[in-house]
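Trainee: I would like to go through this entry by question and answer. Please take me from the aromatic rings to the overall fold.

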Amino acid sequence: MATPCSASHKLLQMGTKIVVVGRNYAAHAKEMGTVVPTEPVLFFKPTSSYLENGGTIEVPHSLESLHPEVELAVVIGRKARDVPEADAMDYVGGYAVALDMTAREIQASAKAAGLPWTLSKGQDTFTPISSVLPTSMVPDPDNLELWLKVDGETRQKGSTKDTIFKIPFLISHISSMMTLLEGDVILTGTPPGVGPVKVGQKITAGITGLLDVHFNVEKRRRPESC
């Protein structure tokens, strides 16, 4: 396994936003019963949702389960605005593996009402993430195997070669609308195989041959009353 660089990991502490690309694997779009997009589907998660490797994912009081979605995270290395696709990779500062934790019941209700997905995606601990690998350790980000297991059982396994929209296009497209700052993260989509994880289960995930992460799943503690 590669050893993440501490200097690169500091990028995450500098970031201002997490931009997530929805339905970027055709097979995942189909399993969710949605159309395969012709342009990137984007939404935000707050950086306060980050959870470091080894931490505990918290299931909100009103829910019994969450859906983890393993994704390749692209960490921006310098300010990017109106970046040409041909130059986009020069703005990448590193890579990580992340989980886009999803409260599916909340998301379904929001979709049905035509409301944003923020509450289903952006709560505390809903973006577990690894340390950052420098670009030198990831020579071909378009050919990485991502995997996720729950209690040792494989749930997801897929390759970044199957993404619809590739990293250079995503950086160029996103930076044409909003400035990407140093430390910002783009989550590039999840392969098929998503399903629920419940309190008491353990999640492991990773990029084959590069790194892996592990997280416990517990119920969020209710605040103590005065």
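Trainee: How many aromatic pairs does the structure hold?

Mentor: This is a predicted model. Ring centres must lie within 6.5 Å to pair. On that basis, the number of aromatic pairs in the structure is two.

Trainee: Are the rings of Phe165 and Phe169 stacked or edge-to-face?

Mentor: A pair of aromatic rings is described by the distance of the centres and the angle of the planes. For Phe165 and Phe169 the centres are 5.7 Å apart and the planes meet at 25°. Planes under 30 degrees apart count as stacked. The pair Phe165 and Phe169 is therefore stacked.

Trainee: Is Phe165 buried or exposed?

Mentor: The cut-off for buried is under 20% relative accessible area. Phe165 has 10% relative accessibility, so Phe165 is buried.

Trainee: What radius of gyration does the protein chain have, against that of a compact globule?

Mentor: The protein chain has 226 residues, and a compact globule of that length would have a radius of gyration near 17 Å. The C-alpha trace spans about 50 × 40 × 40 Å along its principal axes. The chain agrees with the globule value, at 17 Å.

Trainee: What share of contacts between residues at least 6 apart in sequence joins residues at least 24 apart?

Mentor: The secondary structure comprises five helices and 14 strands, and 50% of the residues are buried. Of the contacts in question, the share joining residues at least 24 apart is 78%.

Terms used: Residues are numbered from 1 along each chain as its sequence is written. This is a predicted model: local features need pLDDT of at least 70, side-chain atom pairs count only at pLDDT 80 or more; totals for chains, interfaces and linings use all residues. Side-chain values use heavy atoms; hydrogens and water are left out. Helices (H or I, at least four residues) and strands (E, at least two) are DSSP runs, numbered from the N terminus. The radius of gyration is taken over C-alpha atoms; the globule rule is 2.2 Å times the number of residues to the power 0.38. Buried means under 20% relative accessible area, exposed over 50%, partly exposed in between (1.4 Å probe, protein chains only). Contact means heavy atoms within 4.5 Å. Rings of Phe, Tyr and Trp (its six-membered ring) pair if their centres lie within 6.5 Å; planes under 30 degrees apart count as stacked, over 60 as edge-to-face and the rest as tilted.
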